[in-house]
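Please look over the chain shown below before reading on. This briefing goes through its cross-links, its charged pairs, its nonpolar cores and the confidence of the prediction.

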Amino acid sequence: MLCSNSQHTSGFAQWSDITDPSNPVPFASRSGGVLKDPPTYSKYVNFDLDTTLSTQLDLKISSAELEDEGTYSCTLNPDTVSATLTVERAEPTITIDGDSSGNPIILRALEPSVLRCTARGFRPAVNLEWYKNSAQISTGVSPEAPTPNGDAFDTSGTLTFTPTRQDNEAILECRTTGQVVAPAKTASLTLNMYQSCQLGMPMK
């Protein structure tokens, strides 16, 4: 987390945890470093400071955990700024499935089918978007509200899609949106409209 003030050359420089505004916790300063004495400051054991420049007081967080989430303020006298840290899950999954009965995905030309996309284990919760050959689909899309899954969230949504013969070799994709740092996840399938078949579900 970067903190700089071109006007600051000396004096008070401090980081505080203001997740609870009624009980701010100053935990790091240029003169004292990061306070890591448990149990009071055990939350900050993986925090460190970059004090290379007098105009900066960057906060380094290694191997971030969910416990590190919070709102932090940096003071480089006379100014104070704040930022909120959200920890994203790094290994979520996303799949495209058939209907709720568990039948395999079989699409036939001119017959409407319902495809379900499920993104599991995302933190924070994500939204889902559907695409055909990289063009976003807005018709037939039915999103559902995310549901808690431990310390993460699952998000599902359906697409009612009626393929044509011209959709042969078209690529349908379900993509996650809403992540700040982690890249979007995509589940896709390639249509083969010359015969009925089961469609694979590779994940990128």
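The points that follow are grouped by topic.

The model is a predicted one, and its average pLDDT is 84. It contains 2 disulfides and 5 salt bridges. The largest nonpolar core is made of 20 residues, and a second, separate core has 15.

**First disulfide: Cys-3 and Cys-74**

- Cys-3 is bonded to Cys-74 in a disulfide, with an S to S distance of 2.0 Å.
- Cys-3 sits in the segment before strand 1 (13-17) and Cys-74 sits in strand 6 (residues 70-76), so this bond ties together parts that are 71 residues apart in sequence.
- The angle about the S-S bond is -85 degrees, and the link of Cys-3 and Cys-74 is left-handed.
- Cys-3 has a relative accessibility of 3%, which is under 20%, so Cys-3 counts as buried.
- Cys-74 counts as buried too, because its relative accessibility is 1%.

- The sulfur atoms of Cys-117 and Cys-174 are 2.0 Å apart and form a disulfide.
- This pair links distant parts of the chain, with Cys-117 in strand 9 (residues 113-122) and Cys-174 in strand 15 (residues 171-177), 57 residues apart.
- The link of Cys-117 and Cys-174 is left-handed, with -90 degrees about the S-S bond.
- Cys-117 has a relative accessible area of 0% and is buried.
- Cys-174 is buried as well, at 0% relative accessibility.
- When the bonded cysteines of the chain are numbered in sequence order, the pairing reads 1-2, 3-4.

**Salt bridges**

- One of the 5 salt bridges joins the side chains of Asp-17 and Lys-43, at 2.9 Å from N to O.
- Asp-17 belongs to strand 1, while Lys-43 is in the loop between strand 3 (33-34) and strand 4 (47-50); the pair links distant parts of the chain, 26 residues apart.
- Another salt bridge brings together the side chains of Glu-69 and Arg-123, at 2.5 Å from N to O.
- Glu-69 is in the loop between strand 5 (58-61) and strand 6, and Arg-123 is in the loop between strand 9 and strand 10 (127-132), so this pair ties together parts that are 54 residues apart in sequence.
- Lys-132 and Asp-167 also form a salt bridge, and their closest N and O atoms are 2.9 Å apart.
- Lys-132 lies in strand 10 and Asp-167 in the loop between strand 14 (152-161) and strand 15; the two are 35 residues apart, and the pair links distant parts of the chain.
- Lys-132 is partly exposed, with a relative accessible area of 27%, whereas Asp-167 counts as buried at 7% relative accessibility.

**Nonpolar cores**

- In soluble globular proteins, nonpolar side chains tend to be buried together.
- Which residues have the most contacts inside the largest nonpolar core? They are Ile-94, Ile-96, Trp-130, Leu-172, Cys-174 and Leu-191.
- At least two residues of this core come from each of strand 8 (93-97), strand 9, strand 10, strand 14, strand 15 and strand 16 (186-190).
- Strand 9 supplies the largest share of this core, 4 residues.
- The second, separate core of 15 residues includes Ala-28, Tyr-44, Phe-47 and Cys-74.

- Ser-113 is a residue of strand 9.
- Ser-113 has a relative accessible area of 14%, and because this is under 20%, Ser-113 is buried.
- Apart from neighbours within four places in sequence, Ser-113 is in contact with Ile-106, Leu-107, Leu-159, Thr-160 and Phe-161.

**Confidence**

- A pLDDT of at least 70 is reached by 86% of the residues.
- Over residues 195-204 the pLDDT is below 50, although this stretch has 31 contacts in the model beyond near neighbours in sequence.
- Where pLDDT is low, the predicted coordinates should not be read in detail.

How values were computed: Residues are numbered from 1 along each chain as its sequence is written. This is a predicted model: local features need pLDDT of at least 70, side-chain atom pairs count only at pLDDT 80 or more; totals for chains, interfaces and linings use all residues. Side-chain values use heavy atoms; hydrogens and water are left out. A disulfide is a pair of cysteine sulfur atoms within 2.5 Å. Buried means under 20% relative accessible area, exposed over 50%, partly exposed in between (1.4 Å probe, protein chains only). A salt bridge is a side-chain nitrogen of Lys or Arg within 4 Å of a carboxyl oxygen of Asp or Glu. A nonpolar core is a set of buried Ala, Val, Leu, Ile, Met, Phe, Trp, Tyr and Cys residues joined through side-chain atoms within 4.5 Å. Contact means heavy atoms within 4.5 Å. pLDDT is the predictor's confidence in each residue, from 0 to 100.
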